[in-house]
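Subject: Structure handover

Hello,

Here is the structure for you to open alongside this note. My findings follow below it.

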Amino acid sequence: MCASALPSDLFAPPVITWWFGKALGANLAADLIDELRAADTIVIGAPMYNFGMASTLKAWFDHVLRAGVTFRYSEAGPEGLLTGKLAIVVVTRGGLYSEGPAQVMNSQEPHLRSLLGVIGITDVTFVRAEKLAFGPKAREQAIEAARAQLGQTVRDQYLQAA
């Protein structure tokens with residue numbers, strides 16, 4: 001399981017400590033791609049920044065999307081080479097963007113789904129913690145609901161595999 005982008009607090013900023021620690025290595029892209037190849041499940045923590053993903057997460061994708069390595073070009077468009085993997089993406093947001101009038105402003109999930117799809121990861125589950133800026137009670141309810149969904153997702157994925 002690739003938990004590189006899973007923050008210890010589950011809802012803390014993604015990747016930052018992990019990414020900067022890895023950035024000191026000479027072959028960062030190769031190391032990240034090797035980690036992806038070895039993983040059955042990829043877990044990504046992704047807070048919404050300006051209606052999209054954090055720049056550090058985008059940088060991670062810039063390292064792992066490699067033509068001829070993690071995807072190839074074909075007549076039909078990019079073809080992912082890292083198939084058969086699962087992804088769980090934990091997204092956090094101050095507002096409500098999965099439904100309602102602000103849904104049109106959510107470029108986060110479609111972008112993440114597209115980038116994962118380019119490398120062949122199409123079995124993607126999004127776990128959402130939304131309304132985090134709607135006050136303490138709404139925040140706690142959102143975090144509890146996301147934790148429950150994440151637990152259920154993990155149980156479902158691994159009980160089916162067992």
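F71 is buried, with a relative accessible area of 7%. Buried means under 20% relative accessible area, exposed means over 50%, and partly exposed is in between (1.4 Å probe, protein chains only).

Before the rest, some ground rules. This is a predicted model: local features need pLDDT of at least 70, side-chain atom pairs count only at pLDDT 80 or more, and totals for chains, interfaces and linings use all residues. Residues are numbered from 1 along each chain as its sequence is written, and side-chain values use heavy atoms, with hydrogens and water left out.

Aromatic pairs

F71 has a ring partner. With Y73 it forms an edge-to-face aromatic pair, 5.3 Å centre to centre and 85° between the planes. Rings of Phe, Tyr and Trp (its six-membered ring) pair if their centres lie within 6.5 Å; planes under 30 degrees apart count as stacked, over 60 as edge-to-face and the rest as tilted. Y73 itself counts as exposed, at 61% relative accessibility.

The whole structure holds 3 aromatic pairs. Another of them is F51 with Y97, also edge-to-face: 5.8 Å centre to centre, 70° between the planes. This pair links distant parts of the chain, 46 residues apart. F51 sits in the loop between β2 (41–47) and α3, and Y97 in the loop between β5 (86–92) and α4 (108–118). F51 is partly exposed at 32% relative accessible area, whereas Y97 is buried at 15%.

Overall layout

The protein chain has 5 helices and 6 strands. From the N terminus the order is β-α-α-β-α-β-β-β-α-β-α. Helices (H or I, at least four residues) and strands (E, at least two) are DSSP runs, numbered from the N terminus. Of the 162 residues, 45% count as buried. Take the contacts between residues at least 6 apart in sequence: 74% join residues at least 24 apart. Contact means heavy atoms within 4.5 Å.

Where α2 meets α3

The axes of α2 (residues 28–38) and α3 (residues 55–64) come within 8 Å and cross at roughly 85°. That makes the two helices roughly perpendicular. Angles of 65 to 115 degrees count as roughly perpendicular, under 35 as roughly parallel, over 145 as roughly antiparallel and the rest as oblique. Axes are lines fitted to C-alpha atoms, for helices over the stretch in contact, and angles run from 0 to 180 degrees between N-to-C directions.

From α2, L28, A29, L32, I33 and L36 meet W60, H63 and V64 of α3. By class, this contact has 7 nonpolar, 1 polar and no charged residues. Ala, Val, Leu, Ile, Met, Phe, Trp, Tyr, Cys and Pro count as nonpolar, Asp, Glu, Lys and Arg as charged, and the others, Gly among them, as polar.

L28, A29, L32, I33 and L36 are buried in α2. They cover an arc of only 125° around the axis, so they lie on the same side of α2. The arc is that of the directions from the helix axis to the C-beta atoms.

W60 and L28 are 32 residues apart in sequence and 9.5 Å apart in space, C-alpha to C-alpha.

Helix α4

Buried residues here are Q108, E109, L112, L115 and L116. Their arc is only 135° around the axis, which puts them on the same side of α4. Their cover includes β2, α3, β5 and β6 (123–129). After α4 comes G120, with a positive phi near 100°.

Best wishes
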